[in-house]
Structure formats: C-alpha cells, structure tokens
Amino acid sequence: MTTSSSKKSRSLSPERIYDQLMSTRTADTITLSFKDGRVLTGALIFNQLKGTGRLINVDEELSEDFSIDDIRDIRS
C-alpha cells in the first residue's frame, strides 16, 4: 500500500494534469515530464475535448504529440 501512495506522489492525477494544461495554455513555454522519462519544453496546443495536445519548440525544431495519459508532471 505504501508503494502505490509513493507512486501517486511522483505523478499527477489525470484530472490535475487536465486542469494544469488548461491553465498553462496561454504560457509562452511549459515543461512537460513524460511517464517514459522524457522532459520537453515548448509552446502548448491543447485540445480539451480529446485530452490530447502538441508541444512545439521552434528553436529545437521539435513537435511532440501527447495524450494526458503520457504526462507525469507539468511546469510553467
């Protein structure tokens, strides 16, 4: 039981991730930490109806599609 609670502290709930994505939509850049260990920074495009989005970093020529289920943490 302790293991599952410690896992929850390292990952945000899908509802919390959704709320943070909605509140950071207008930020110039955000940093997404993915469950697979990747950490990417860029501008956010988020489709709240589908729960999907895209992170775009023009400087690094990066465009990454994601689902809420892929995200572990968000920083703006």
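Tutor: Let us begin with a definition. A nonpolar core is a set of buried Ala, Val, Leu, Ile, Met, Phe, Trp, Tyr and Cys residues joined through side-chain atoms within 4.5 Å. Buried means under 20% relative accessible area, exposed means over 50%, and partly exposed lies in between, with a 1.4 Å probe and protein chains only. In this structure, the largest nonpolar core has 13 residues. Those with the most contacts inside this core are Leu21, Ile30, Leu32, Phe66, Ile71 and Ile74.

Student: Which elements give two or more residues to this core?

Tutor: They are helix H2 (14-23) and the strands E1 (30-34), E2 (39-47) and E5 (71-75). Helices (H or I, at least four residues) and strands (E, at least two) are DSSP runs, numbered from the N terminus.

Student: On what basis are such values given?

Tutor: This is a predicted model, in which local features need pLDDT of at least 70 and side-chain atom pairs count only at pLDDT 80 or more, while totals for chains, interfaces and linings use all residues. Residues are numbered from 1 along each chain as its sequence is written, and side-chain values use heavy atoms, with hydrogens and water left out.

Student: How many helices and strands does the protein chain have?

Tutor: The protein chain has two helices and five strands. Read from the N terminus, their order is α-α-β-β-β-β-β. Of the 76 residues in the protein chain, 28% are buried. The chain exposes about 5,200 Å², and carbon and sulfur atoms supply 48% of that area; accessible areas come from the Shrake-Rupley method with a 1.4 Å probe, and for residues only the protein chains shown count as cover.

Student: With which residues is leucine 21 in contact, leaving aside its neighbours within four places in sequence?

Tutor: Contact means heavy atoms within 4.5 Å. With those neighbours left aside, leucine 21 touches Ile30, Leu32, Leu44, Phe46, Phe66, Ile68, Ile71 and Ile74. For the protein chain, consider the contacts between residues at least 6 apart in sequence: 44% of them join residues at least 24 apart.

Student: How is a pair of aromatic rings described?

Tutor: Such a pair is described by the distance of the centres and the angle of the planes. Rings of Phe, Tyr and Trp (its six-membered ring) pair if their centres lie within 6.5 Å; planes under 30 degrees apart count as stacked, over 60 as edge-to-face and the rest as tilted. The structure holds two aromatic pairs. In one of them, tyrosine 18 and phenylalanine 46 are edge-to-face, at 5.7 Å centre to centre with 70° between the planes. Because tyrosine 18 lies in helix H2 and phenylalanine 46 in strand E2, this pair ties together parts that are 28 residues apart in sequence.

Student: Are tyrosine 18 and phenylalanine 46 buried or partly exposed?

Tutor: Tyrosine 18 has a relative accessible area of 29%, so this residue is partly exposed. Phenylalanine 46 has 9%, so this residue is buried. The rings of phenylalanine 34 and phenylalanine 66 also form an edge-to-face pair, because their centres are 6.4 Å apart and their planes stand at 70°. That pair links strand E1, which holds phenylalanine 34, to strand E4 (residues 62-67), which holds phenylalanine 66, across 32 residues. Both phenylalanine 34 and phenylalanine 66 are buried.

Student: Which residue lies over the face of phenylalanine 34?

Tutor: A charge sits over a ring if NZ of Lys or CZ of Arg is within 6 Å of the ring centre and within 35 degrees of the ring normal. Here arginine 38 lies over the face of phenylalanine 34, at 4.3 Å from the ring centre.

Student: How many salt bridges are found in the whole structure?

Tutor: Side chains of opposite charge can pair when their charged atoms come close. A salt bridge is a side-chain nitrogen of Lys or Arg within 4 Å of a carboxyl oxygen of Asp or Glu. The whole structure has four salt bridges. One of them joins glutamate 64 to arginine 38, with the closest N and O atoms 2.9 Å apart. Glutamate 64 lies in strand E4 and arginine 38 in the loop between E1 and E2, 26 residues apart. Another salt bridge, between arginine 54 and aspartate 65, has an N to O distance of 2.6 Å. Aspartate 73 and arginine 75 meet in a salt bridge at 3.9 Å, N to O. Salt bridges that share partners join Asp36, Arg38 and Glu64 into one network.
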